Amino acid sequence: MNRIALIGSTGSIGRQVLSVCEKHPDKFKIEALCARRRTRPFEEQCEKFAPSRSVCTEDSKNGRDDAPALCRLDFVDTVVVACPGFAGLEYSLEAVRAGKRLALANKETLVCGGELVMPLAKKGQIVPVDSEHSAIWQCLGYDTDARFKRLILTASGGPFLGRSFSSLSDVTPEEALKHPTWNMGGKITVDSATLLNKAYEAAEAHWLFGASYDKITAVLHPQSVVHSMVEFDDGSCLAQMARPDMELCITKALSWPEILERKEKSLDFSDALSLDFRPLEEGMYPCFDLAMKCMREGGVLPTILNAASEVAVEAFLRGEIGYTDIYAVEETAVSSFMVMRPDVSYKILCAADELARTSAWHAVARLSHKK
C-alpha cells in the first residue's frame with residue numbers, strides 16, 4: 001500500500017491523482033490532502049477519501065505553516081506535489097529532505113529550484129508526473145542515469161499553431177484556454193499556448209536526467225500522441241506513444257516499479273493515424289525563446305521569469321492586459337534583474353520571487369493603462 005500526501009488536491013492534476021487512487025484502492029491510500037481554500041470540492045474529497053490530515057493554506061492563521069508538515073508525516077510514503085507555481089518548491093524540498101518519494105507534477109520545483117532540490121535527492125526518489133518526462137523515463141527503462149544522445153520534447157503548438165505572434169494581440173482568454181488536446185488548469189494552458197511551458201519542460205529534463213541544454217530539443221507535434229523521444233549514440237530513437245491522458249503518467253509515478261493494468265482506451269493503429277513533426281524555430285514563440293535564455297543562464301533568472309509569468313497570465317485571464325503583453329511583462333522583469341548573480345538559496349529565491357512580482361505588477365499597471 002502506497003500511502004500518499006497530495007498537495008494541490010483540487011486542481012486538475014490533483015483531481016486526476018484522486019481518480020487514480022479511487023480506481024486502485026488496494027494499491028493507494030490518501031493519508032493527507034492539501035488545498036489552497038476550503039471549498040465544497042475539497043470538503044467532498046475529505047469526506048470521500050477520509051485522510052488522516054487535511055490542510056487549507058488560506059483557511060486559518062496556521063494553515064500556511066501546517067501544510068509543509070504534511071510532507072514529513074511518518075505514515076506517508078509518497079508526496080505528490082501537484083499545486084501550481086513557485087509555492088510547490090517548498091513542498092518538494094520538504095518531501096525530499098524527509099526521504100519521501102516525490103511524485104513531481106509541479107514544474108516550478110525544478111525550473112526555479114533544481115539547483116537546490118537535485119543534490120538532496122537520492123537516485124529514484126523523484127519520479128516524474130509530466131507526460132513528457134514520464135515518456136523519457138519510460139524510454140530510458142525507468143533509469144534517470146541511463147545514457148542517451150539527445151532528448152526530444154514534443155509540443156502541440158497550442159491553439160494558435162501557424163499564426164505569427166504579432167497577429168495575436170486581440171486574442172481573448174477564452175481562445176487561449178482552448179487547448180487542442182489537453183484539459184488543464186488556466187495557467188498551464190496559457191503557458192502551453194505561449195510555449196513557455198516547453199522551456200520549463202526543458203529545464204525539468206535538464207535536472208531530472210542530467211542533460212545539458214545542448215542535448216535537449218523541442219519539436220512541434222500537433223497530434224500529442226508522441227509525448228517525448230530519446231535518441232541514442234547509435235542513432236536509434238525510442239518514442240513513447242499514448243493517448244493524451246494524464247492518469248497514465250500519474251499511475252506510473254505512483255505504482256513504479258510495478259506496472260498496473262489500466263482499462264482506459266489505448267491507441268488504435270487500425271485507424272488512420274498520422275504523426276506530424278515540425279521544427280520549433282526561433283522567433284515563433286518569444287516566450288519560449290526568452291525562457292530558454294533564462295534556463296541556460298540559471299541562478300535567480302528562472303525564478304524572476306516565473307514570477308513575472310504568474311503575474312502576467314493572471315492579469316491576462318482577468319482581462320487587464322492583452323495576450324502579447326504576457327511576453328512584454330516577462331521580458332521587462334527579466335531585463336530588470338539580468339545583472340543579479342547571487343548564490344542560490346531558498347531564501348534568495350523567495351526574495352527574488354517577491355521582487356519580480358512587484359516589478360511585474362508595475363508593468364501590468366502601465367500596460368493596462370495603455371489598453
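Start by selecting Lys107, Asp130, Glu132, Lys198, Glu201 and Glu204, which are joined in a network of salt bridges. A salt bridge here is a side-chain nitrogen of Lys or Arg within 4 Å of a carboxyl oxygen of Asp or Glu. Over the whole structure, the search gives 29 salt bridges.

Before going further, a word on the ground rules. The model is predicted, so local features need pLDDT of at least 70 and side-chain atom pairs count only at pLDDT 80 or more, while totals for chains, interfaces and linings use all residues. Residues are numbered from 1 along each chain as its sequence is written, and side-chain values use heavy atoms, with hydrogens and water left out.

Next, pick Lys23 and Glu247: they form a salt bridge whose closest N and O atoms are 2.8 Å apart. This pair links distant parts of the chain, with Lys23 in helix H1 (residues 12-23) and Glu247 in helix H10 (residues 246-255), 224 residues apart. Helices (H or I, at least four residues) and strands (E, at least two) are DSSP runs, numbered from the N terminus. Is each partner buried or exposed, or in between? Lys23 is partly exposed at 43% relative accessible area, whereas Glu247 is buried at 11%. The cut-offs are under 20% relative accessible area for buried, over 50% for exposed, and partly exposed in between, with a 1.4 Å probe and protein chains only.

Now move to Arg150 and Glu231, a salt bridge with its closest N and O atoms 2.7 Å apart. Arg150 lies in strand S7 (residues 150-155) and Glu231 in strand S9 (residues 226-231), so the pair ties together parts that are 81 residues apart in sequence. Here Arg150 is partly exposed, at 30%, and Glu231 is buried, at 12%.

One further stop of this kind is Glu320 with Arg318, where the closest N and O atoms of the salt bridge are 2.8 Å apart. Glu320 is partly exposed, with a relative accessible area of 25%.

**An aromatic cluster**

Select Phe160, Phe165, Phe316, Tyr323 and Tyr327 together; they form one aromatic cluster. Rings of Phe, Tyr and Trp (its six-membered ring) pair if their centres lie within 6.5 Å; planes under 30 degrees apart count as stacked, over 60 as edge-to-face and the rest as tilted. The whole structure has seven aromatic pairs. In one of them, the rings of Phe160 and Tyr323 have centres 5.3 Å apart and planes at 75°, so the pair is edge-to-face. Phe160 sits in the loop between S7 and helix H7 (173-176), and Tyr323 in the loop between H12 and H13, 163 residues apart. Both Phe160 and Tyr323 are buried.

Phe165 is in the loop between S7 and H7 and Tyr327 is in helix H13, 162 residues apart. Phe165 is buried at 17% relative accessibility, while Tyr327 is partly exposed at 27%.

**Into the core**

Which residues of the largest nonpolar core touch the most other members? Of its 122 residues, they are Phe209, Leu254, Leu305 and Tyr323. H12 gives the most to this core, with 10 residues. A nonpolar core is a set of buried Ala, Val, Leu, Ile, Met, Phe, Trp, Tyr and Cys residues joined through side-chain atoms within 4.5 Å.

Centre the view on Leu305. Beyond its neighbours within four places in sequence, Leu305 is in contact (heavy atoms within 4.5 Å) with Leu196, Tyr200, Leu290, Ala291, Cys294, Met295, Glu330 and Val334.

**Along helix H14**

The buried residues of H14 include Leu349, Ala352, Ala356, Ala363 and Leu367. The buried residues of this helix pack against helix H4 (88-97), helix H5 (108-117), helix H12 (301-317) and helix H13 (325-337).

**Zoom out**

Finally, show the entire chain, with its 14 helices and 11 strands. Of its 371 residues, 55% count as buried. Along its principal axes the C-alpha trace spans about 55 × 55 × 40 Å.
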